[in-house]
Amino acid sequence: MINDAVQVRSVSRRYGSGDSAVTALDQVSLAFPEGTFTAVMGPSGSGKSTLLHCAAGLDRPTSGSVTVAGTELTRLGETRLTRLRRERIGFVFQAFNLLPSLTAEQNVALPLRLAGRRPSGARVREVLRQVGLGDRARHRPAELSGGQQQRVALARALITRPAVLFGDEPTGALDSRTGREVLGLLRAMVDGDGQTIIMVTHDPVAACHADRVVFLVDGRLNGELAGAGAEDIAAHMAKLEAVPC
Ligand SMILES: Nc1ncnc2c1ncn2[C@@H]1O[C@H](COP(=O)(O)OP(=O)(O)OP(=O)(O)O)[C@@H](O)[C@H]1O
Ligand SMILES: [Mg+2]
């Protein structure tokens, strides 16, 4: 039986109050089975980042619940939520957010140090090899290309063997060739290691590396495509973004 790595149930997120209130997410329910790769798409402001932040425990829904690897995040206090986020959840952003003064291996080991654990050198080298950077362990971010820096960020997200890896436009700052390399790596993690991945993207070519694409419009789900090619995904996005004139 395949379990869900993440379940989002009737999640709403409202910001502000009164006249300036914004409903960023409106009753969104989604399940993300273990070992699957899901892309989240939708127009700017449709709630993609808000959904990711709520699902990853970086933000709290106004209502509804989120379960990651069997634990309901929405019931946890701050201390336990922080611990669960550190140990079970990986996150990569568009900006790589590496610490410039640390080497690749020190950046990768950081989540374990922050959790008060002694990182094993062998484990750090193993994840660096997994992202194709076995020979760059001693390099600092400024000595690495953009694609290599994002791969260090990926290794840092994977060091704790998270139940789920979230990416908010992880290839958004990369040229298309380098972006494809990172996407190939994400795909290989799903196929080879059964990693669960949830990735926000604007790019239909990036999205077609996923098993399915879910679409958001105005904070609500608006259809999904399974196993679709870039052209079908682009056509669906064009429909969602069409402005009547
Ligand atoms: N902290 C906040 N306070 C107030 N409104 C917010 C906040 N964060 C997001 N919003 C609003 O919620 C809505 C959804 O924002 P979100 O960042 O999730 O969109 P997105 O789909 O990720 O957009 P983009 O593609 O531009 O990154 C937007 O209308 C945004 O202005
Ligand atoms: Mg966003």
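Trainee: Which element gives the largest share of the lining of the second largest pocket?
Mentor: Helix 4 does, with 3 residues. Helices here are DSSP runs of H or I with at least four residues, strands are runs of E with at least two, and both are numbered from the N terminus. Keep in mind that this is a predicted model, where local features need pLDDT of at least 70, side-chain atom pairs count only at pLDDT 80 or more, and totals for chains, interfaces and linings use all residues. Residues are numbered from 1 along each chain as written, chains are lettered from A and ligands numbered from 1 in written order, and side-chain values use heavy atoms, without hydrogens and water.

Trainee: And what counts as a pocket?
Mentor: On a 1 Å grid over the protein atoms alone, a pocket is an open set of points where a 1.4 Å probe fits, with protein on both sides within 12 Å along at least five of seven lines; lining residues have an atom within 4 Å of a point.

Trainee: How much space lies in the second largest pocket?
Mentor: About 240 Å³, where volume is the space filled by probe spheres set on the grid points, joined across faces, edges and corners. Of its 15 lining residues, R161, P162, D193, G194 and Q195 are the closest to the centre. Helix 4 (121-130) and helix 6 (176-193) are the elements that give two or more residues to this lining.

Trainee: OK, what about the largest pocket, what's its volume?
Mentor: About 500 Å³. The largest pocket has 18 lining residues, with R85, R86, I89, F91 and P111 nearest its centre. Helix 2 (78-88), strand 6 (89-92), helix 3 (104-114) and helix 5 (146-158) each supply at least two residues to that lining.

Trainee: Switching topic: where does A210 lie?
Mentor: A210 is in the loop between helix 7 (204-207) and strand 9 (212-217).

Trainee: Is A210 buried or exposed?
Mentor: Buried, because its relative accessible area is 7%; the cut-offs are under 20% for buried, over 50% for exposed and partly exposed in between, using a 1.4 Å probe and protein chains only.

Trainee: Which residues is A210 in contact with?
Mentor: Leaving aside neighbours within four places in sequence, A210 is in contact with F37, T38, A39 and R187. Contact means heavy atoms within 4.5 Å.

Trainee: Last one: how many helices and strands does the protein have?
Mentor: The protein has 8 helices and 10 strands. Of its 245 residues, 49% count as buried.
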